Amino acid sequence: MKQTICFLIALLVLASCGPSVEEKRRITRRQRAEMLRADSAALKVAVMPTLDCLPLIVAKHEGYFDKLGADVRFRTFTAQMDCDTALAGGSVQGAVTDLVRAERLIKKGTPLQYVTSTDAYWQVYANRMARITTLKQLDDKMLAMTRYSATDLLSDVVIDSAKLDRDRFFKIQVNDVYVRLKMLIGHEIDAALLTEPQASQARLARHKLLLDSRDLSWRLGLIAFREKDLKDSTRQHQLEVFKKGYDMACDSLTRYGIGHFRQWVLKYYKMTNKEIDSLSTSLKFSRMSPPAEADVERARKFLKL
């Protein structure tokens, strides 16, 4: 009995030495505040599960940004319009986007600095069950795309090149890239405009390729940052680190190939190992270079700016 009493007393003493409930709450609040401060100070970039974002992912997880002295964090979305909302609202400083969307954001009152074009390209895939083999056969058909984007501009290319009647060609807005692919594979849409890796997944599912934007020699992919945020010297330093880390990642991807970074592709993209292995070896990851003025003007003309 005496031993039991002594044991209980020892437990009470130990309990009294530990942090109280209120102290634990204070610690949690302090940790949460520190995390919020760190997140606020970090350079935040909106990304999507598309391969034009892969250099950023490699730079982050291979430690390039950290080694160069900047905390770069991602906000991941599956629809470009959500990236636009984050960029316009200031919850991110930069985004991987395209020239059409960027020019529209500028028009709507969010000045942007164009940091680099990307090697993003888009392809039109026709549903294999629809037995469509040419663009002309998209007459009276539905094409999944996103309004006010590179896919919208390329939808007009389809119309013009095939001389389709605009009243008999239906642009169907499907913003989420995963939903767009799912609709094509599930035979819910006649055709879809897709970028990588969703384009390769459509090809692997034996859908018919009708158009490749690379044949046009246009570079519509873009990384842009809010001009307002770049006036701060700390942000300017972060941006310089971002540029260097991005170039290092592009060099690594060019040298080793996508398969070398398989763990990050599996983490960020809904792909199987077979789909990763099917990705074209012709995929490019070019170092930073500003978009061509002709491509910028092309986007402005499309938006009638």
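In which sense do strand E5 and strand E8 pair, and over how many bridges? Strand E5 (residues 122-126) and strand E8 (residues 191-195) pair in the antiparallel sense, over five bridges; two strands count as paired if DSSP finds at least two bridges between them. Within this pairing, Leu193 of E8 is the bridge partner of Val124.

The structure is a predicted model, in which local features need pLDDT of at least 70 and side-chain atom pairs count only at pLDDT 80 or more, while totals for chains, interfaces and linings use all residues. Residues are numbered from 1 along each chain as its sequence is written, and side-chain values use heavy atoms, with hydrogens and water left out.

The chain contains 13 helices and ten strands, taken as DSSP runs (helices: H or I, at least four residues; strands: E, at least two) and numbered from the N terminus. Of its 305 residues, 48% are buried, that is, under 20% relative accessible area, where exposed means over 50% and partly exposed in between (1.4 Å probe, protein chains only). Among contacts (heavy atoms within 4.5 Å) with a separation of 6 or more, 80% join residues 24 or more positions apart.

Strands E5 and E8 belong to an open sheet of five strands with mixed pairing, in the order E7-E6-E8-E5-E9. The edges are formed by strand E7 (169-173) and strand E9 (208-212); each has a single partner strand, so one side of each is left without a neighbour in the sheet. From one strand to the next, the twist averages 30°. Helix H7 (residues 150-162) packs on the sheet and touches E5, strand E6 (141-145), E7, E8 and E9, its direction making about 170° with that of E7. Angles run from 0 to 180 degrees between N-to-C directions, and axes are lines fitted to C-alpha atoms, for helices over the stretch in contact. Helix H8 (residues 177-185) also packs on the sheet, touching E5, E6 and E8, and its direction makes about 140° with that of E8.

Ile185 lies in helix H8 and counts as partly exposed because its relative accessibility is 38%. Apart from neighbours within four places in sequence, Ile185 is in contact with Ala205 and His207. Its C-alpha atom is separated by 7.4 Å from that of Asn127, 58 residues apart along the chain.

Helix H6 (residues 99-107) packs against helix H13 (residues 293-303) at an angle of about 65°, with the axes 9 Å apart. Residues of H6 in this contact include Leu99 and Val100, and those of H13 include Phe302 and Leu303.
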